[in-house]
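Please read them with the sequence and the model side by side.

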Amino acid sequence: MKTKIKTLLTLITAGLFVFQCDLFDPQDKVTSDDLVSMLAIQQINANSMSEAQRLGLNVAYSHRFSIKDGPHLFCREYSTAYLEKKAEWELNMEQTYATIGNAIGIQIVVERLNGPCAITNKIAACHYDGVDGINDLIPYAYTTEGEHKYLIPANAYYGVTDLKSAKEACERFKGTYVCYDPSKCWQ
């Protein structure tokens, strides 16, 4: 039995070397156009999917913030580790964002979602390490409007006036900034 297995493995190995199966030589099959197409599809998928899902988090609930009758500003997503905080954090959310919106000159609408939040025109993200002793990430995904019309003006409203970019705003609170579109990110 051992001799038959050794002989069979030797024949298979020899066959692979002699015939050089296409399975083991993909370099000849992928063109630069193929690579560009694959990267474009990857970028489209990254831009349209939930930021927390892209990071591999199990999303329990999320909030999408938009300009009333206008574009989305950003999404904020919470993993299941934050379920105990949901009621507390959502208690006066609309009033809080109405106050911020009034101060910076836009009407902000809050959409509460069970599960992930995606914005199709995501250009950037900011991942916070956690809050209130919970160490799971809290990812935010921003549109151009979210970075320019909300993030910096909201920081200025809270008295942080020395910020020059969305990246600085994210990193000021120990977040990790990710830019998906360098031509549009405010970094």
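1. Of the 187 residues in the protein, 35% are buried, where buried means under 20% relative accessible area, exposed over 50% and partly exposed in between, with a 1.4 Å probe and protein chains only. This is a predicted model, in which local features need pLDDT of at least 70 and side-chain atom pairs count only at pLDDT 80 or more, while totals for chains, interfaces and linings use all residues. Residues are numbered from 1 along each chain as its sequence is written, and side-chain values use heavy atoms, with hydrogens and water left out.

2. The protein has seven helices and six strands, taken as DSSP runs numbered from the N terminus (H or I of at least four residues for helices, E of at least two for strands). Along the sequence their pattern reads α-α-α-β-β-α-α-β-β-β-α-α-β. Among contacts with a separation of 6 or more, 61% join residues 24 or more positions apart, a contact being heavy atoms within 4.5 Å.

3. Two packed helices are described by the angle between their axes and the distance between the axes. Helix α5 (residues 93-104) packs on helix α6 (residues 144-157) at an angle of about 95°, and their axes are 10 Å apart. That makes α5 roughly perpendicular to α6, a term that covers angles of 65 to 115 degrees.

4. On the α5 side of this contact are Y97, T99, I100, A103 and I104, which meet K149, Y150, P153, A154 and Y157 of α6. The residues of the contact divide into eight nonpolar, one polar and one charged; here Ala, Val, Leu, Ile, Met, Phe, Trp, Tyr, Cys and Pro count as nonpolar, Asp, Glu, Lys and Arg as charged, and the others, Gly among them, as polar.

5. The buried residues of α6 are G146, E147, Y150, L151, I152, A154 and N155. Just after α6, G159 takes a positive phi of about 95°.

6. Most residues other than glycine have a negative phi. D132, in the loop between β4 (124-128) and β5 (138-142), has a positive phi near 55° and counts as partly exposed at 46% relative accessibility. K174, in the loop between α7 (166-172) and β6 (176-179), has a positive phi of about 65° and is exposed, with a relative accessible area of 65%.

Notes:
Axes are lines fitted to C-alpha atoms, for helices over the stretch in contact, and angles run from 0 to 180 degrees between N-to-C directions. Angles under 35 degrees count as roughly parallel, over 145 as roughly antiparallel, 65 to 115 as roughly perpendicular and the rest as oblique.
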